[in-house]
Each structure stands twice: as structure tokens, then as C-alpha cells.
Amino acid sequence: MNETTHQTFETDGVPIKAWTRGVPFETEAEEQVRRLATLPFLHKWVAVMPDVHAGKGATVGSVIATNGAIIPAAVGVDIGCGMIAVETTLTASHLPDDLKEIRSAIEAAVPHGRTNNGGPGDRGAWGDAPERVQKAWAELAPAYEAIVKENPSIGRGTAIGHLGTLGTGNHFIEVCLDERDHVWFMLHSGSRGVGNRIGSHFIDLAKKDMKRWFIHLPDADLAYIPDGSETFGQYWRALAWAQEFARTNRALMMEATIMAVRKTGLLPSFELAREAVNCHHNYVSKEHHYGKDVWVTRKGAVRAGEGELGIIPGSMGAKSFIVRGLGNRESFCSCSHGAGRKMSRTAAKRAFSLEDHARMTAGIECRKDEDVIDETPGAYKSIDDVMHAQRDLVEVVRTLRQVVCVKG
């Protein structure tokens, strides 16, 4: 393993171990982590990844091992959000010079974006889910019905309508080339509206419980649910289900993307060269670290156990990486989930023009309109700096550059 690259910060609670050398670690984010570190049920320390930036309650880019409780806001509302990537037998020479038709085919095959406030006719949801989606939903439906029976408000919205759909914000579908000019398909999404409802519901329950038990926290968004309580059991079942929904969602979109590209007739026959890498980066799992079985919450972080494959995407116009974990115990076997924002969406819209965005995404077939300026590459940290800061967490297997990018 390479040299240790993290810094240790002492706090009023457990220490912070931060892989942030050479990358911005904003004051707001550091203050958030320091407040988090004072909670009494944390195990060993809080691990901070190089893509860290301020979030709600807990920072994005943090790994939190807990003994006896989970903090719902640290998991967030995009439960199970993550990545999937697959290599093909295609090479760059097989791609047409004009990739617009490829992008249009993917956009037509996978619902994306959001209209009508998410109501009837929303372009980001299925009006009538195709048979393959219905078949996948049949596997998920029984557990979902049990979750809704326990917490009816979770059922007030679509679930099957979002299965196999992309969403908005930083979610994307890309066609990429690696350093050998092999073609990859890669996408980023999570548990969509149903995950949001689950997350929001239990964040609210946790906050109400803190008030009822007269527990005063340094930040209300650090409200937690104690292991062993009735609410904890309900939350864990809903959480695990949402993570499975998210994984299935990505697999369905990958399948639709590949089918759509094949149907264009623009490419020769091709096969998938390796098993897809499908990994969460907003989730909870039960793991063994430093002699204890603990709950590990990764909010904007990927598991990077020794030999495990993961995906670390850059921004629109930047490189992405297929990585292999080095099993660094001090990070709780984790790495970053991307480049990480260096400015808010509002700040990005103020800072960059449409011309800036077009320049930073030159050579990529993607949207170049005002609605995606908040996702422009300049709004993110340097992915090269992020990768250098975590060189003792992962090794690079493949370096990807996108040639097509579909945004929600």
C-alpha cells in the first residue's frame, strides 16, 4: 500500500481522519464534521473523503461508523444512489463521427428530467412501465407493501413509475472511452422519489424523537434512531429495500441504454466484455471494523475493500475512473464517490456563462443549455487532485473520458 495521505484533526469528540491534502476542505464542511464527531455512539473516528463538501446534517464525502444508532440525514434522501459501468467490445473507431443520434436514442429509451412537478405526464417517469420493468417491480413489490403498511406516507407517490428512470441534478448516462479507446457505458442514479420519501419520513421521525426524549444535539439534522427500537427496525427494512431498488434501477437503465444504442444501427454488433460494476455511494451496511460489528454510513463514499471494484466519476467534461480498493482500514475501506462540488448550484449559475459551459464540454455530445450550467465542470473540484489525495485508498484500473453525456 502507498504512503498514508490523510490528516488527523482532534475534536471535542472522536478524531477526524481526512484525505484532503491538496483539495479544498471548506470551513462549513469541517464545522459540520466537527459537530458530527461529538455524538456518543461513533466508532473510532469519522473518515472524510477528498470530495467532501457541506451537506444536510452530515457532509457529503463522509464515512461514519456507528455502534447502536443510525443518523437518517447522514444517509440522506437519495438512498442507494450510486454508479454502474460496463465495458463493451466496441472501440472508438466503431463510433460515428456525429454522436447526436446516439444521445437521442438513449434519451428516448430512458425517462429523465422532471416536468409537471412530478405529477401526471412527468417526462421523468413511466406512464405505462414496460414489461421488463414490471417484471423487476414484481420482485420488489411485496417488501414495499409491507413497508407502506408500517408507514403509509411512504406510499404517497409513484414507485414503479420511477423504476428504470434517471432523475435530475447530477444523475447522468454516459458513453465513455478508456485509455485504450474501448467503449464503456456508465450511469449514475439512485432510488428516485420513493427513496426520497423513505429518507424524509425517517429524518422527520428521528427529529420528533429527539424532541420527545429531550435530547439536544449540535445540529437538529444529526437526529438519530437507536438500534433496537421499533422505529430502527422499520427504518432498516425500508433502507435496505431502497438500496435494492436503486441497484435494480441502475441495472434496468443500463439494459435500456444498451438496447437503444444497438437499435440505432449505427454500430456493429457488440458484446459486453466484463461484468458490470454496480456500487452504491449513499447507503448503510453492517460491517466489521476494529473488533466490532458496526453500522457504516457512506454519504458520498464508495466501499473500497481490498480488491473490490468501484467507480469514481468526474464532472461533465472531466475524466472518470474504474478503481480497485486497497482495503485501507483507517478509511473504513472507503474512497470518494466523485470529484465533489466546490461551489453550490446557485453559485455556479452566477459564476459561469453558457459560453463557459460550451468551452468546458467541448468535444462531448451533451446538453449545452442554461439548465445544466450548475453541473458544468468548473463547479467541481479537480478530479486529478481528488485521486491523488486518496492514492492509499484505491488504485486506478481504467481511466474513462466521456464522449456522450445525457443529463436529467
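1. Let me start with a strand pair: strand E7 (residues 172-178) and E8 run antiparallel and share six bridges. Within that pairing, Glu-174 has Met-186 of E8 as its bridge partner. Strands here (E, at least two residues) and helices (H or I, at least four) are DSSP runs numbered from the N terminus, and two strands pair if DSSP finds at least two bridges between them.

2. A word on the basis. This is a predicted model, where local features need pLDDT of at least 70 and side-chain atom pairs count only at pLDDT 80 or more, while totals for chains, interfaces and linings use all residues. Residues are numbered from 1 along each chain as its sequence is written, and side-chain values use heavy atoms, with hydrogens and water left out.

3. Now the sheet around that pair. Seven strands make up an open sheet with antiparallel pairing, in the order E10-E6-E8-E7-E17-E15-E14. E10 and strand E14 (309-312) sit at the edges with a single partner strand each, so one side of each has no neighbour in the sheet. On average, neighbouring strands are turned by 30° against each other, direction ignored. Axes are lines fitted to C-alpha atoms (for helices, over the stretch in contact), and angles run from 0 to 180 degrees between N-to-C directions.

4. Two helices to look at here. Helix H3 (residues 100-109) packs on the sheet, touching E7 and strand E17 (394-407), and its direction makes about 85° with that of E17. Helix H6 (residues 230-263) lies across strand E6 (82-91), E7, E8 and E10, at about 140° to E8. Contact means heavy atoms within 4.5 Å.

5. Next, the annotation. The unreviewed UniProt entry lists His-188 and His-281 under "binding site". They are spread over 94 residues of sequence, yet cluster in space, with a largest C-alpha distance of 10.1 Å. UniProt positions are given in the numbering used here, with feature names shortened, and annotations may be inferred rather than shown by experiment.

6. His-188 belongs to strand E8 (residues 182-189). With a relative accessible area of 6%, His-188 is buried (buried means under 20%, exposed over 50%, partly exposed in between; 1.4 Å probe, protein chains only). Its side chain reaches the backbone oxygen of Asn-170 at 2.9 Å. Beyond neighbours within four places in sequence, His-188 is in contact with residues including Cys-81, Leu-166, His-171 and His-281.

7. And what about His-281, buried or exposed? Buried, at a relative accessible area of 1%. His-281 is in the loop between strand E10 (277-280) and strand E11 (282-289). Leaving out residues up to four places away in sequence, its contacts include Cys-81, His-188, Arg-298 and His-337.

8. Last, the aromatics. The whole structure holds 12 aromatic pairs (rings of Phe, Tyr and Trp, the latter by its six-membered ring, with centres within 6.5 Å; planes under 30 degrees apart count as stacked, over 60 as edge-to-face, the rest as tilted). Trp-236 and Trp-295 form a tilted pair, because their ring centres are 4.8 Å apart and their planes at 55°. The pair links Trp-236 in helix H6 to Trp-295 in strand E12 (residues 292-299), 59 residues apart. Trp-236 is partly exposed at 27%, whereas Trp-295 is buried at 7%.

9. Trp-241 and Phe-245 are also tilted, with centres 5.4 Å apart and planes at 40°. They lie four residues apart in helix H6, which means a separation of about one helical turn.

Conventions:
A polar contact is a pair of N or O atoms within 3.5 Å; within protein, one must be able to donate a hydrogen and the other to accept it, and residues adjacent in sequence count only if both atoms are side-chain atoms.
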